[in-house]
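Please have the sequence and the 3D view ready.

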Amino acid sequence: MEGDIVQMGAYIGAGLACTGMGGAAVGVGHVVGNFLSGALRNPSAAGGQTATMFIGIAFSEALGIFSFLVALLLMFAV
Amino acid sequence: MATETQSADAAAEGSSLVFHPMDQFIVKPLFSDGPVGMFTITNVTLWMALTVVAIIALLVLATSKRAVVPSRGQSIAELAYGFVYTMVEDVAGKDGVKYFPMIMTLFMFIVMANMLGLLPGAFTTTSHIAVTAVMAMAVFLFVTILGFWKNGLGFLSVFWISSAPLVLRPILALIEVISYFVRPVSHSIRLAGNMMAGHAVIKVFAAFAALLAISPFAILAITAIYALELLVAFIQAYVFAILTCVYLKDALHPHH
């Protein structure tokens, strides 16, 4: 019985951890959207900044991946 | 035969999926049924070896003729070399070019492992945190040791942001220290998580393809996600390499 409750909690937690994906989606969309709006105003400067954009994407995506990690830990390690 | 009975059982029970989407990540020994030890040859070993062979074929065999008008293989190798070289030069600066071979090695290994992993039936070695963590820890230790070696204790100024107001600096220093030590975690989990998630999604849609009503949609979805995964396979290798360059730049020039 107690194990069942723990497992239920782990599954609910894994599901809740997936809401972190939404945060990562907002973050990545924000980075790329702002990059595009800047790039369309000054296209000549955009080429040199794509690397910076990808670094920004990677940093904001990392936190979404952390929520995925939490979900995996709850599913398989608890 | 075994899979047929399994799927029949699953269908009879009304189970959700015909096969488990995470089954593809199981490490299996190739030549025996025994436990996986330190030197057991597993499917991970096989696909890593194939990755290295593919890189050698691309970078050594394809460029061995060195024609003025390059063949397809040679132009791909030249493109990859030029791509990574400009990336290192742009992000890590002129002093960073000395460490170009390391970043080229990492980039080629990851991009080849990701691409080979997309072959149907292949094993994606980079989807395992054990594999990516070794690379990320190597980068982290290398960058930290290099930073202290080049700058001595001055390397600690990477945590002290001199452009911020003085009141905020201790707080920012604390945050910087935490984010510095999270680097190997995020560096490795990003690659492994992206690969694992993408392949699991493909497998989930592959399981949906067994249901007649939605199978056309599922097959279209697999095709679309496969195209996305090709992009992700390249972008994640690029991101891994470019973050290595960023860390390298921090080690070479710690002053903000």
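Two residues are in contact if their C-beta atoms, placed from the backbone, lie within 7 Å. Keep that in mind for a residue of chain A. Leaving aside its neighbours within four places in sequence, Met75(A) is in contact with Ala10(A) and Ala14(A). Where does Met75(A) sit? Its place is in helix α4 (residues 50-76) of chain A. Ile12(A) is 63 residues away along the chain, and the C-alpha atoms of Met75(A) and Ile12(A) are separated by 9.8 Å. Is Met75(A) buried, exposed or partly exposed? A residue is buried if 20 or more other C-beta atoms lie within 10 Å of its own, and exposed if 12 or fewer do. Met75(A) has 16 within that distance, so Met75(A) is partly exposed.

This is a predicted model. It scores ipTM 0.75 and pTM 0.85. Chain B averages a pLDDT of 86, and 93% of its residues score at least 70. Within chain B, the highest confidence is in helix α4 (residues 100-117), with a mean of 94. The lowest is in helix α1 (residues 2-13) of chain B, with a mean of 43. Over residues 1-15 of chain B the pLDDT is below 50. Beyond near neighbours in sequence, that stretch has three contacts in the model.

An unreviewed UniProt entry places the feature "transmembrane region" at residues 12-33 and 53-77 of chain A. In the model, residues 12-33 of chain A are 95% helix and 0% strand, and the end C-alpha atoms lie 33 Å apart. Residues 53-77 of chain A are 96% helix and 0% strand, with end C-alpha atoms 35 Å apart.

Next, look at where the chains meet. Chain A gives nine residues to the contact and chain B gives 13. On the side of chain B that touches chain A, α3 (72-92), α6 (169-208) and α7 (215-252) each supply at least two residues. That side of chain B divides into nine nonpolar, two polar and two charged residues.

Two of these chain B helices also pack together. Two packed helices are described by the angle between their axes and the distance between the axes. For α6(B) and α7(B), the angle is about 175 degrees and the axes are 9 Å apart. That angle makes α6(B) roughly antiparallel to α7(B). Among the residues that meet are Leu191(B), Val201(B) and Phe205(B) in α6(B), and Ile225(B), Val232(B) and Leu243(B) in α7(B). The residues of this contact divide into 16 nonpolar, four polar and three charged.

Definitions and conventions: Residues numbered from 1 in each chain as written. Chains lettered and ligands numbered in written order. Predicted model: local features only at pLDDT ≥ 70, side-chain atom pairs only at ≥ 80, totals over all residues. Helix = DSSP H or I, 4+ residues; strand = E, 2+ residues; numbered from the N terminus. Nonpolar A, V, L, I, M, F, W, Y, C, P; charged D, E, K, R; others polar. pLDDT = per-residue confidence, 0-100. UniProt positions renumbered as here; feature names shortened; annotations may be inferred. Axes fitted to C-alpha atoms, helices over the stretch in contact; angles between N-to-C directions. Parallel < 35°, antiparallel > 145°, perpendicular 65-115°, else oblique.
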